[in-house]
Amino acid sequence: MNYLIVGVGGVIGAILRYTVGKIFREVMEKDHPVATLFINVIGSFLIGYLSTKHLSSEYKLFLMAGLLGGFTTYSTFMLETSRYIKRKKHMKAFIYVFISILFGILAAGVGIWIANFI
């Protein structure tokens, strides 16, 4: 049953990620890593927030492993970074990695802080 819970959440998260990415591509009129950064920071915030909540193990599996696991995207982050490196845009690659990690950690921390504050 846990596999089904994670799987359903993952499908929903992947569809949400695709939708957010599509919206960013349409607004920016080009493929840009800002969508991945946004997705991963929002996911980091939500997982930080949810990690402090007293949820059943099924809800945690669905939301954290499934939905947010399907929504956030480490592999796309790595692909975009690799593309910068391949194009010899090393400074952009470094900045993208640095900002992604920094904002991700800060977002998770803010999520935890807000959850504890409420």
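Predicted model: local features only at pLDDT ≥ 70, side-chain atom pairs only at ≥ 80, totals over all residues.

**Exercise 1.** Leaving aside its neighbours within four places in sequence, which residues is glycine 111 in contact with?

Residues are numbered from 1 along each chain as its sequence is written, and side-chain values use heavy atoms, with hydrogens and water left out.

*Solution.* Start by placing the residue: glycine 111 lies in helix α5 (helices are DSSP runs, H or I, of at least four residues, numbered from the N terminus). Next, look for contacts, meaning heavy atoms within 4.5 Å. You'll find Phe45, Gly48 and Tyr49.

**Exercise 2.** Is glycine 111 buried or exposed?

*Solution.* Check the cut-offs: buried means under 20% relative accessible area, exposed over 50%, and partly exposed in between, with a 1.4 Å probe and protein chains only. Glycine 111 has 0% relative accessibility, so it counts as buried.

**Exercise 3.** Work out how α4 and α5 run relative to each other.

*Solution.* First, get the angle: α4 (residues 74-86) and α5 (residues 90-117) pack at about 155 degrees, their axes 7 Å apart. (Axes are lines fitted to C-alpha atoms over the stretch in contact, and angles run from 0 to 180 degrees between N-to-C directions.) Then apply the rule that angles over 145 degrees count as roughly antiparallel. The two helices, α4 and α5, are therefore roughly antiparallel.

How values were computed
Parallel < 35°, antiparallel > 145°, perpendicular 65-115°, else oblique.
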